[in-house]
Amino acid sequence: MLKLMIVDDSNIIRRKIERSADAARFDVVGMARNGAEAVAMLKRTDAEVVTMDLTMPEMDGIECVERITAIKPETRILVVSALSDVETGILALEKGARGFLCKPFSSEQLNDALGELVEGIDV
Amino acid sequence: MSEDTLKIFINGVLNYFQHTSDKDVKVGAPYLVENRDPTCFDYTGIIGVSGPYKGTVYFTAPKILLTHLLLSLGEQDTSNENIMDIVGEVANTISGNARSEFGQEFMISVPVMIEGDGSKIQLPEQLRSYVIPIYWKAYSAAVVICLENV
Amino acid sequence: MFDTLMGKYRNIVVSIALFLLLDASVLTLNFYISFEIADDAVGVNLSGRQRMLSQRMVKSLHDIQYSAGDEQARQRALDELDLTQRLFSSTLNAFDQGGEAIGADGSEVVLEAANSSAARLAIVEAKEIWQPYSTLINAVLNADGELALNQALMPALAYARANNLALLKLMNNLTVELEHVATSKATRLRWIQTVGITLAIINFLIILVHFLGQLRESDKQIESARKETTEILETVGEGLFLLDKERIISSQYSRALETMFVRKELGGLSLEALLESMVSDKDLRTAQRFIALLFREDIKSNLIGDLNPLKEIEVNISDNQGHYLTKYFSFTFERVYDDGKIKDILVTVVDVSEKVRLERELALSKEQNERQIEVLTSILHANPDLLKLYLKQVEEAADDVNTILREPSKGHVALKRKLDQIFVAIHRIKGEASALNLESFEELTHEFELNIKDVHGKDNITGDDFLPLVVRLEKLVKHTESVQVLTAKLGAFSSGAKAPARSESISSDWHHLEDLLNKSSLRCGKQVQLFTSGLSEVPMSKELSGLLSDFAIQGIRNAVAHGIETPSEREQLNKDIEGKIELRLSQSSKGELEFVVKDDGGGIDIDRIREKAAELGIASETELESWSAKRLTSLIFEPGFSTAAEHTMDAGTGAGMDLLRQRVNAMRGRIRIASRSGHGTKISVFLPAPAAVSEAA
């Protein structure tokens, strides 16, 4: 089981990701509403996989990716964001995220993306 | 097309003439022409525009004006080559001015110079062009603008 | 690497090794046999010396015999005999047993025992002869005193005489035999060399023929593989190329790429150099960053496709004629791995212009449809024929305006005159738009007029002040075109149901005049009623009906704006609160038409006209005092003369009457104005018979 943390300011999206993520592979260890919460939660839960929204209050996704990567570089971060701004998406990857999933997404798309994301991790 | 857009191209030409010894350059009343028969004088410098507006802008002038323009810039050699050069320079100034005014969204091509009739100037036939006469000394030239709003 | 090389080139490596081995063997044998031959030469040499030594021994014995009395000579001969005897003995021994001997130069040489049968026979026989001979010679050498010597000498000489020839022959046999052995060895050596070299040559030829053939074969295969790749790259429709980390384009790329980018020799170029000035700087920078991500091992390439900024990019290709060719390209990027590491990026470029064009067209036609519906609703109420007529008028007016603009003129005064002329043309179509209730045209022309007035108010008019006007003109032309397109469509749609009537009377356009009146009176805060008579009784051409309609419009507008009083004024004057306007058309027996526009307003205000005329500087005040009412009234037909206090959409721009007079004149008609202060104005238009009109036209 891989420890999954969901970071998104939208309650609906958080729940959707939680519901969609393959329960046999992922153990949702925490859900954060903004970057600051996510950083605190990472230390507590030791999550290995993170889904990350980009536009959030308090601490946005870019900064959050930066912080998480600084704390635990091996964390696999999947940016889950609307495609209004390709450049911000690229920036997130430059800062350490490993993949990008465009909102809106289907459960299947999310699982495919997560599967791709965690490829190569020893369970 | 807005008046301001037209002005950007006209100013390009005026800027150029400001550098000559005879700064008295006047803009004539503009008018429209059908693109089926493009207006042009002996020499023409064409630039392509792309971006939010697409199309062609050209500066066209008679040989005599360009010859005097060369002389007023202190160039005694008024060969064909130099005349082509000066048309290119004016077109370059238009292009440069447009580039600095329009910013990144626009692409302005390097000028192309042609001599003689305007058959080589290709404009979309169903559209009209704005012709802005330019008067300098006793001569007249023109800036022709055909841009399409995309 | 070494293994694969060994595998691939095993045969050639083995062959070359064999060649070298062969060469080495030949060389070794050669070396060995050469040594043997050298040894044999020594043997031949020494056995030859044996012949000479046997002769010398005989000679020494004789020398001893003849040297009696000469002690010195005798001793010399004895020494000689001693030396020769020892040499001969030791050499023969060496030939027999093998061992050391004294060489020709006095140094020691080692001889091998001769082993050929002939040689052995010679040696054995020689030894048999030598044994006693040697004993006899030793007796001579060891003799002590003259007598003893002579005694020993005699048998030695006798033996020598008897056997020397045989011994000489045997030594000769030995020499010949040794020579023979040496010769056969040399022959063998030549054979070995010949065979070795022949084998080496054969080997070389095998290498040459077989392996060159193989090399050529594999070269051919490589060449055909390359040709296939090249053919693929020549024929695929997509742009294909590899990008390295520095974003440099590979030397091999598909031909289509050159066609797509209208540029040759792309290999070695950077992607930036290829795309700069074709896509915006912003997109280019984003693309660079995106490609950098593709080279990062930790990023999942399948998960970043959405961020590709070149997924559907507008590319503007300059055609070197000063024009841009706009295309839409779709770039896709695939990692190319080598040994598990990202080596290059395979880029595929597809021209999706057609797809994008279709999408755009769809969106555009949707938008156009919406716009057309808007235009449609604004013109739907208008009479189709009048609308068509009107559109033609606008077109003509626009042409006129453009012609006016085009007339070269530089000074302030000339430009101002231009402005006036343009105003006249625009004002005319504005009035008609208002009459036909074409709001979009009313708006456009009204804004146009306002622009003209802005410019008119300037102290020093220059050419660029006309820029907003020409922009307005284009707008007007475009709008007219779009309405024309629409009406053409509608016309095609309804032509089947169209009435066949050729001539139409104004009565069918009745409503637009009423509309105009209602709108104008509302705007001016007046109440007016319209009465008409005879309008539908006279058949007339469209041109004529257009003129009369315009005349009615101008008359109504003037009456409402200038003539008819406000309801409160009328109340004070004891008039009906509601003013009246009458339109009447009649035809005389000769066919002459009379069209009358009559109102019951305050009549033409002559004083106001005089004031205005003075203001405009048409004549001095004193002069104007002397002008008759008729002359003053005719001023309202002068261009630019307007008496309304304010410019409104209904009146006050003073161009309408001027134009009407021109048109009436053109039809050989005349206008009469009658006015009574406080009672109203009557404007009559007299036109020749319609048939005559069409002939005149």
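A salt bridge here is a side-chain nitrogen of Lys or Arg within 4 Å of a carboxyl oxygen of Asp or Glu. By that rule, the count between chain A and chain C is three salt bridges. This is a predicted model, in which local features need pLDDT of at least 70 and side-chain atom pairs count only at pLDDT 80 or more, while totals for chains, interfaces and linings use all residues. Residues are numbered from 1 along each chain as its sequence is written, chains are lettered from A and ligands numbered from 1 in the order in which they are written, and side-chain values use heavy atoms, with hydrogens and water left out.

Start with chains A and C. Chain A brings 20 residues into contact with 15 residues of chain C; contact means heavy atoms within 4.5 Å. About 1,600 Å² is buried between the two, and carbon and sulfur atoms give 59% of this area. Buried area is the accessible area (1.4 Å probe) that two parts lose on being put together, summed over both. Three residues, A:Glu87, A:Ile90 and A:Arg98, supply 35% of the area that chain A buries against chain C, more than any other three.

A:Glu87 also takes part in a salt bridge, with C:Lys282 as its partner and 3.7 Å between the closest N and O atoms.

Which elements of chain A face chain C? Strand S4 (76-82), helix H4 (86-94), strand S5 (99-103) and helix H5 (107-117) each supply at least two residues. Helices (H or I, at least four residues) and strands (E, at least two) are DSSP runs, numbered from the N terminus. H4 of chain A gives the most, with seven residues. The loop between S5 and H5 of chain A holds A:Pro104. A cis peptide bond, with omega about 0°, joins this proline to A:Lys103.

Now turn to chains C and B. Here 37 residues of chain C are in contact with 32 residues of chain B. The buried area is about 2,900 Å², with 59% from carbon and sulfur atoms. C:His323, C:Tyr324 and C:Leu467 supply 21% of what chain C buries against chain B, more than any other three residues. Two salt bridges cross this interface. One of them pairs C:Glu314 with B:Lys54, the closest N and O atoms being 2.6 Å apart. H12 of chain C gives the most, with nine residues.

One backbone detail belongs to chain C. C:Ser277 has phi near 70°, a positive value in a residue other than glycine. C:Ser277 sits in the loop between helix H6 (271-275) and H7 of chain C.
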